[in-house]
Amino acid sequence: MSDNESVTSITVETSPTILLAEDDPVTRMLMTRFLRKAGYEVDAVANGSEALDKMTKRYYSMLVTDWEMPEMDGIALCKAVRNMQLDGYVYALLLTARDSKEHIIAGLEAGADDYLVKPVHEAELIARLNAGRRILDLEHSLRVANERNRILSITDALTGAYNRRYLMEQLPREVERCRRYAYPLSVLMCDIDHFKEINDERGHSAGDDVLQQFAARAQKSIRSNSDWVARYGGEEFLIVLPQTAYQGGLFVAEKIRSLVSSTPFSTRNGDPVVTASFGVASTGPNGPDLTLKVESMIRTADECLYRSKQEGRNRTNGHEIAVSLALMANG
């Protein structure tokens, strides 16, 4: 990821995969063959129970199931699938020799999206699956749009880091989780040194470039699966490091500080050398005290940052919050 890339991203869904449940081995083999010939990836099983077991291990966006099967029939399978928490919608096509209105209604009410009366005509089956695929594409587009809107609501538009709203919602959860499992927690308060001078001398567009690249460099220095960066305000950022004790917090702060100062920033008006100051607040090795509040951690990190500024900038100060300090801060 380059310095100008956003911190957040949206994953792209792969092509639909069909789970075929058919108890007759010859029919199962023939259907698998022509579905694959039509371009679909297919996993085939002999009954509803096997299909349900497959569903618990992998997401299939399309289900083609016979009605009459041993152990679990197609109706019970459709009902079970609709009650599962899955990664996306499952388009279910029910194959049946029953063509009365009552049976068709029962199949649709059980959760099937469509039905096809046996014997199956290949061209009709493919046409119905292609129609189902269009529905899945629309559903996927809606999910992507909703996820994009969710990300926008918790993301700083300029830097791609999380915004203050997300910080104040998520940090209490991190504190509680670390408290529950007795994990240490560190937060880093970061401030870009002399940022006003960058804006005054090079313009706000150059300042925006520096903010974006600072967030990207910070993101490169932390664990992508657990740590996260939030823009606290202006040129200040807060970095949250779950399961990280005091010495680990100092190490990460120094790592980011070194990465920031070691290479000039590329802006639309020159390439300034940028430095940053850091304040680290950490719980003890066994996690947050019961009385420790989020505000206390942020305040302690901010006080350590202020000390770094007072001592000449481009440095790190930190504090491990003891139980007694937590009691005083929240008493």
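**A walk through the model**

Visitor: How many residues of β1 are buried?
Guide: β1 is mostly covered; buried means under 20% relative accessible area, exposed over 50% and partly exposed in between, with a 1.4 Å probe and protein chains only. Helices (H or I, at least four residues) and strands (E, at least two) are DSSP runs numbered from the N terminus. Thr 17, Leu 19 and Ala 21 point one way from β1, Ile 18 and Leu 20 point the other way, and all are buried. The number buried in β1 is five of five.

Visitor: What kind of model is this, and what is the mean pLDDT of the protein chain?
Guide: This is a predicted model, in which local features need pLDDT of at least 70 and side-chain atom pairs count only at pLDDT 80 or more, while totals for chains, interfaces and linings use all residues. Residues are numbered from 1 along each chain as its sequence is written, and side-chain values use heavy atoms, leaving out hydrogens and water. pLDDT is the predictor's confidence in each residue, from 0 to 100. In the protein chain 93% of residues reach 70 or more, and the mean is 90.

Visitor: Over which residues does pLDDT stay under 50, with 19 contacts in the model beyond four places in sequence?
Guide: Contact means heavy atoms within 4.5 Å. Residues 325-331 also stay under 50, but for them the model has 12 such contacts. The stretch with 19 is residues 5-13.

Visitor: In what order do the strands of the parallel sheet lie?
Guide: Two strands pair if DSSP finds at least two bridges between them. The edge strands, each pairing on one side only, are β2 (41-45) and β5 (114-117). β1 joins β2 over five parallel bridges, with Thr 17 opposite Glu 41. The five strands of this open sheet run in the order β2-β1-β3-β4-β5.

Visitor: At what angle does α5 run to β4?
Guide: Axes are lines fitted to C-alpha atoms, for helices over the stretch in contact, and angles run from 0 to 180 degrees between N-to-C directions. Helix α5 (residues 122-154) lies across β1, β3, β4 and β5. Its angle to β4 is about 160°.

Visitor: In the sheet with mixed pairing, what is the strand order?
Guide: The edges are β7 (228-233) and β10 (316-320), each pairing on one side only. Five bridges join β9 to β10, which run parallel, and Gly 279 has Asn 317 as its bridge partner in β10. The open sheet reads β7-β8-β6-β9-β10.

Visitor: Which helix lies across β6, β7, β8, β9 and β10?
Guide: α9 packs on this sheet too, touching β6, β8, β9 and β10, with its direction at about 165° to that of β9. The helix you ask about runs at about 145° to β9 and spans residues 294-310. That is α10.

Visitor: Within what arc do the buried residues of α7 fall?
Guide: In α7, Phe 195, Ile 198 and Asn 199 are buried, and their cover includes β6 and α8. The face turned away carries the exposed Lys 196, Asp 200 and Glu 201. The arc is that of the directions from the helix axis to the C-beta atoms. The buried residues line one face of α7, because they fall within an arc of 95°.
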